[in-house]
Amino acid sequence: MSEKNRFETREYEEPENITVDQHEGWKITKAPNTIETTDLGPCVGVIVYDPKSKQAMVGHFVDPREDNLQGMLDEAMQLSPNKEKLKIWVGGQQPNVDDAPHFTEDKAIRAFVKKQLEDHGFQKSQITIKWQDSNQGTIMRLDPATGNVEYDQIDFYDDEDDNNY
């Protein structure tokens with residue numbers, strides 16, 4: 001090796017942006033990758049993050065009661081030997097207008113998610129919940145390197161608006 005080229009050139013993999021779509025359940029990644037849900041609409045998004053290992057798990061659930069949110073949380077408990085250090089974010093679940101005016105089904109789903117988190121021993125101080133309250137979609141995105149979570153709001157438009165573009 002010549003003196004000029006004495007330092008090895010290392011090839012590093014480019015970070016990926018991992019997406020979790022409905023019916024995919026959940027995925028796990030770690031820094032330097034980022035991870036996000038696709039548009040949640042009426043679905044529920046859940047992020048579990050271990051700040052020490054920079055590992056994250058993101059789930060996208062059409063109905064968390066039937067789509068195994070419990071299984072995701074069970075697996076999340078294995079992310080860290082100290083579950084008190086895990087951080088959890090929940091979002092999405094745009095209100096279903098067919099459930100108006102009382103939104104009984106929406107309330108039942110939200111209560112189920114909170115109960116699952118409590119049953120798994122997570123404390124309120126570990127959990128951030130940002131339910132969608134309008135006719136917008138949400139994409140939840142986490143950068144495991146920094147622990148920064150974004151809730152991107154997406155405006156919906158109906159087919160009549162297509163003529164305006």
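Start with the open sheet: its 5 strands sit in the order S2-S5-S4-S6-S7, and the pairing is mixed. Strands here are DSSP runs (E, at least two residues), numbered from the N terminus, and two of them pair if DSSP finds at least two bridges between them. At the edges you'll find strand S2 (25–30) and strand S7 (127–131), each pairing on one side only. From one strand to the next, the twist averages 15°.

This is a predicted model, so local features need pLDDT of at least 70 and side-chain atom pairs count only at pLDDT 80 or more, while totals for chains, interfaces and linings use all residues. Residues are numbered from 1 along each chain as its sequence is written, and side-chain values use heavy atoms, with hydrogens and water left out.

Now look at strand S4 (residues 44–50) and strand S5 (residues 55–61), which run antiparallel and are joined by 7 bridges. One of the pairs is Val-44 with Phe-61 in S5.

Two helices (DSSP runs of H or I, at least four residues) pack on this sheet. Helix H1 (residues 69–76) touches S2, S4 and S5, with its direction at about 175° to that of S5. Helix H2 (residues 104–119) touches S4, strand S6 (87–92) and S7, and its direction makes about 170° with that of S7. Touching means heavy atoms within 4.5 Å; the angles, from 0 to 180 degrees, are between N-to-C directions of lines fitted to C-alpha atoms, for helices over the stretch in contact.
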